[in-house]
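Open the model in your viewer and keep the selection tool at hand. The stops below say what to select next and what to look for there.

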Amino acid sequence: MNADLRTRLGSLRLPNPVVTAAGCAGSGRELAQFFDIAEIGAVTTKSLMLEPRAGRPAPRMAETPSGMLSATGMQGPGIDVFLQRDLPWLLSRGGRAIVSLAGSGAGEFGELARRVSEAEGVGAIEVNLSCPNPADPSGRHFADDAAQAAAVVQTVRSHARSDVPVLAKLAADVPDVVELAGACVAARADGLTMVNTLRGMSVDTRTLRPAVAGGMGGLSGPAIRPLAVGCVYRVHEVFPEVPIIGTGGVRTGTDVLEFMAAGASAVAVGTVNFADPSACVRVLREFTEALDARGVSRASDVVGAAHRPGTGV
Amino acid sequence: MSVAVGGDHSSTLLRRPFAVHDVKPDYGGTVEFLFAVRGSGTAWLAERRSRDLLDVVGPLGRPFPLPRDPVNCVLVGGGSGSAPLFPLAQSLRRRGCRVDFVLGATSADRVFSAITARRIAETAAFTTDDGSFGTRGRVCDVLGRVIEEARSDAVYACGPMPMLRAVTAVAGSHGLPVQVAVEEAMACGVGICMSCVIPVVGEDGITRMVRSCVDGPVFRGEHVRFDDVGTIPFDALGAPGWKGSSAARAAESARDIA
């Protein structure tokens, strides 16, 4: 038996729910050495800004228990190079693209969305709300203030093509993730991606200095998975109609099952790509086997199962 | 190549990068690499026994380029950075190149394969920080003399960044091209995590933060901005306040990343 793996994120239809997480797969080209990029649901690109960006100084990463801290400072080629060089490559390989955008304000986000809208073949836009808001005196991220986050989402939605879904990528280290989700949905986000890395620090105990150059880094990996699953569960409970990409420490096919049962319609593989460059196709295979073993014929039947007592499979 | 450590259920997720020391057809094919125990990952590796399985991805990155002509090459290694120079020496010898070694280590017990080095090279000079083997001091204390005596045409080096910087300076003062293999910390080894970037000047004169794992680990020494490693140089492409020319943008667009 082979389960029907198809899933939807608003108007975007995917052949299966396994996608890459932003910043953990480049634009797909490196991972294409290890598997056929068209086999997975979609590639979420690294977050793109208007200009090329050199990022933060090294050291940029530190290993932590079941995870890592990273601070790359969104190094990237800029949106124009991506649209001219990387997106056509991904589409030529039959891949589906979720384009992650990062801006320093609503203006930059709007311009990014406008340029993306001039390109053909973009499956969805993901709005990285975990960017520092330059207008905030304490250096908080857009996601730290639901109203600021909503303003960014609204701007992107109004500049993006109407047939391209806009997904808001939410932070988990905020006072109330349900309030943040609600603000983004009210700003006409078509879906949510949950969750981004958590702000953390690791100190090098030889030097007694922060282990990554910027001090703070983003914590990712299996260490944050229960927290991410909890955020997906709480938001799906309040907004069951809003599609969610669940992400945070996905390592195996049963982790996909867990996120989908909590309410995710698709699941992004992030940090584990670094450990295992074939992780996406392995996770997809394991997920298919997990559905078959449970006699589930449609992956979409699992979505939100954890909210329905007695329907466990 | 990069090696996963800790087993299937490990809490240490990140791969460890190593240089390939040798590839042999023995026992159905073997790949050799050298490592020092530095943390929990390498400690786990050191506990592996014959017939244990290792999760390896490789070969990765850009190898040492080989000269077209049979020229004289001096190979400079520091610590475990000596390991990848041995297969390089064999390849150079097969092309009729003269090979001379300069190998440095902290102490005698850290000198790698001195006998093999002497066997495959025309000459092999050794330095140790404590003088317990060979000359007391650093590789660059003897490199100039070796270059002159061997009438070297090219330099290859692998080791810690300060050593590569010093070797590049000595090679430059003798007017020799130098290829350096950097030993940067990496998380993935395949070009997606963006952890291992260093500032390198391209053929077009533009400095970029490039990935050691896929754009390197071998670079032309004179292209690495050693003084700026660990920083984002103000004139690097995409640095804060960077205002690229339209030519730089066009070059970036045309540049193939794979």
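Helices (H or I, at least four residues) and strands (E, at least two) are DSSP runs, numbered from the N terminus. The model is predicted: local features need pLDDT of at least 70, side-chain atom pairs count only at pLDDT 80 or more, and totals for chains, interfaces and linings use all residues. Residues are numbered from 1 along each chain as its sequence is written, while chains are lettered from A and ligands numbered from 1 in the order in which they are written.

**Stop 1: chain A as a whole**

Select chain A, which holds eight helices and 16 strands. Its radius of gyration, taken over C-alpha atoms, is 18 Å, close to the 20 Å that the globule rule gives for 313 residues, so chain A is as compact as a globular protein of that length. The globule rule is 2.2 Å times the number of residues to the power 0.38. Along the principal axes, the C-alpha trace of chain A spans about 55 × 50 × 40 Å.

A residue is buried if 20 or more other C-beta atoms lie within 10 Å of its own, exposed if 12 or fewer, and partly exposed in between; the C-beta atoms are placed from the backbone. Of the 313 residues of chain A, 62% count as buried.

Two residues are in contact if their C-beta atoms, placed from the backbone, lie within 7 Å. Take the contacts in chain A between residues at least 6 apart in sequence: 71% of them join residues at least 24 apart.

**Stop 2: strand S9 of chain A**

Select residues 166–170 of chain A, which form strand S9. Five of its five residues are buried. In a regular strand the side chains alternate between the two faces of the sheet. Here A:Val166, A:Ala168 and A:Leu170 are on one side, A:Leu167 and A:Lys169 are on the other, and both faces are covered.

Two strands pair if DSSP finds at least two bridges between them. Which residue of S9(A) does A:Ile125 stand opposite? The residue is A:Val166.

**Stop 3: the nonpolar core**

A nonpolar core is a set of buried Ala, Val, Leu, Ile, Met, Phe, Trp, Tyr and Cys residues joined through C-beta atoms within 7 Å. The largest one has 186 residues. Select A:Ile125, A:Ala149, A:Cys184 and B:Val167, the residues with the most contacts inside this core. Leaving aside residues up to four places away in sequence, A:Cys184 touches A:Ala149, A:Ala150, A:Val153, A:Ala168, A:Ala189 and A:Leu192.

**Stop 4: helix H6 of chain A**

Select residues 253–262 of chain A, helix H6, where nine of the ten residues are buried. Among them are A:Val256, A:Leu257, A:Phe259 and A:Met260, and also the charged A:Asp255 and A:Glu258. The buried residues of H6(A) pack against several elements of chain A, including helix H5 (225–238) and helix H8 (279–293). Just after H6(A), A:Gly263 takes a positive phi of about 135°.

**Stop 5: the contact between the chains**

Show both chains. How many residues does each chain give to the contact? Chain A gives 35 residues and chain B gives 30. On the side of chain A, strand S5 (61–64), strand S6 (67–70), helix H1 (79–92) and helix H7 (272–275) give two or more residues each. H7(A) gives the most, with four residues.

For classes, Ala, Val, Leu, Ile, Met, Phe, Trp, Tyr, Cys and Pro count as nonpolar, Asp, Glu, Lys and Arg as charged, and the others, Gly among them, as polar. The side of chain A that touches chain B has 17 nonpolar, eleven polar and seven charged residues.

**Stop 6: the domains of chain B**

Select chain B and colour domain 1 (2–57), domain 2 (72–181) and domain 3 (187–242) separately. These bounds come from an automatic or database domain assignment. The C-alpha centres of domain 1 and domain 2 of chain B lie 26 Å apart.

**Stop 7: backbone details**

Select A:Ser66, in the loop between S5 and S6 of chain A. A:Ser66 is not a glycine, yet has a positive phi of about 50°. It counts as partly exposed, with 18 C-beta neighbours inside 10 Å.

Then select B:Met194, in the loop between strand S11 (178–181) and strand S12 (197–201) of chain B. B:Met194 also has a positive phi, about 60°, although it is not a glycine. Is B:Met194 buried or exposed? B:Met194 counts as buried, because it has 25 C-beta neighbours inside 10 Å.

Last, select B:Gly58 and B:Pro59, whose peptide bond is cis with omega near -5°.
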